[in-house]
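Please read the numbered points alongside the sequence and the model.

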Amino acid sequence: MSRNPETSPFSRPESSSEAVRLPFGFARDHQVLLDGARLIAGPHATAPGLIEARRRAGRRLELINEDQANFELALTRVYQAGAADTSEPELTFDLEETDRVAGHRDLLEEVEDAPVIEMVNQLLRRAVQAGASDLHVEPHEGGLRVRMRKDGFLQTLLDRKDVPVRRIVSRLKVMAGLDIAETRLPQDGRIPVRLGGRLIDTRVSTLPSNYGERIVLRILDRSTGLLPLDALGLKADQIALLERLSALPNGIILATGPTGSGKTTTLYSLLKLSNLHERNIVTVEDPIEYDLPSTSQTQINADIGMTFAAGLRATLRQDPDVILVGEIRDTETASVAAQAALTGHLVFSSLHANGSVGAITRLRDLGVDDFLIASTLRAVIAQRLLRRLCPACRRPHAPSVAEREHFVRHGVDVPEQVYSAGGCDGCNGSGYAGRVGIFEMFELDAALRDAVDRAASEAEMRTLALDPRETLIGQGLLQVRAGTTSLSETLRVVGDTA
């Protein structure tokens, strides 16, 4: 039904000093967006929306028609910029919270809610806009501290004593669909929200502490998409190896590394290298971090018995060519994965191990026989993430004697100069901006298979599998030599081990 623009609820006059903007909900629902002198229209733009946008702008506008994906990107860009106020909200918590969350919430839409809700939304907004991977809500003796993990480091967003800690915790538990009356046991949930049209899936974990429940939120931005392999930090020869591995007809390919090192991103990139249209690709994950087209993705739910092993068994009855198992955690999953590889399936999975060769030892610990490892394992990738030096403030210097020794020890040419972190406004004084991956990978050849089959030691297998420059420390030193990161960052992440 048409709305008379003269009686529109958005007909408030705008001062010339204000940016001309439609309310977010109106712009999203009517698919019209004011962007300076441009009027961006989505594929389902309405006549009332176009009339109101032109009336509100009060000047001639250039009409730009966009498809749905580009319209949502523009919507996020315009309104996210307007919501980037990082000042702390006014803390006048005197309103009763009666709202109960159902379905997806949009964090750009709720600016008129009660102060507790507004504060929680603002903290989530700031974490998502900063590209944080986690948000920590930590009650302590002096009040409440909120920190976000960005580029692997925690940064404080809020640390105040004049906040209603229990009400903020309860708000998050309500959003996650958890029992707010239960404060003695850990709980897990999820908060599906949107930020300017972007779907953000937030995994919530609560843990009782002596000052109240501690909450950690894992932020999964599914709209970010996958980076090209070269953007991950992979070298040309490593990309060629991954392309060859993704075309294999059967076997197991493992990615190892600590939590947050990018294993899942690497495995997804391998899946994208596979022919998605000619091969049946099935995944079993916890959680599903990216949406892949032409792929059947299954979410693990251990509470009802849907474990990795159970999901993997079920996928074998779905006529798969390629299977992605989110993680090999136990003997049962490892055994089923090995049997799947033996029966002609290509299996990608992750495993917690300190290095690439350590994955073989870990499989042994899980009870997989040596002959089975030798016959099914095709390759192992170990990876870490190093913080990139901020290009605006990095400081060059000639390597000291001690720094030179690191390069010599691992067979890397000593550079004439290396860089250390500085600190500027652009990188928030940290000296670093973003991260880059380093990868240690090997493909099992005949000699290495023989060593695995006869239960050789990890040291012997490492000598057969890796050149010193191909180890994690060797790859890290090559990034130092290129000026991408600092030597101190490389040693912090991988140490100085061969």
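**Notes on the predicted model**

1. Helix H12 is followed by Gly-411, whose phi is positive, near 70°. Helices (H or I, at least four residues) and strands (E, at least two) are DSSP runs, numbered from the N terminus. This is a predicted model, in which local features need pLDDT of at least 70 and side-chain atom pairs count only at pLDDT 80 or more, while totals for chains, interfaces and linings use all residues. Residues are numbered from 1 along each chain as its sequence is written, and side-chain values use heavy atoms, with hydrogens and water left out.

2. The chain contains 16 helices and 19 strands. Of its 498 residues, 50% are buried; buried means under 20% relative accessible area, exposed over 50%, and partly exposed in between (1.4 Å probe, protein chains only). Among the contacts in the chain with a separation of 6 or more, 63% are accounted for by residues 24 or more positions apart, where contact means heavy atoms within 4.5 Å.

3. Which residues of helix H12 (residues 401-409) are buried? They are Glu-403, His-406 and Phe-407. Seen down the axis of H12, these buried residues fall within an arc of 95°, so they line one face of the helix; the arc is that of the directions from the helix axis to the C-beta atoms. Val-401 and Val-408, on the other side of H12, are exposed. The cover over the buried residues of H12 includes strands E17 (395-397) and E18 (418-420), together with helices H15 (472-481) and H16 (487-494).

4. Leaving aside neighbours within four places in sequence, Glu-403 is in contact with His-397, Ala-398, Val-418 and Leu-487.

5. Leu-229 lies in the loop between strand E10 (212-221) and helix H6 (236-246). Its relative accessible area is 13%, so Leu-229 is buried. Beyond its neighbours within four places in sequence, Leu-229 is in contact with Leu-234, Ile-239, Leu-242, Ser-269 and Leu-273. The C-alpha atoms of Leu-229 and Leu-273 are separated by 9.9 Å, although these residues are 44 residues apart along the chain.
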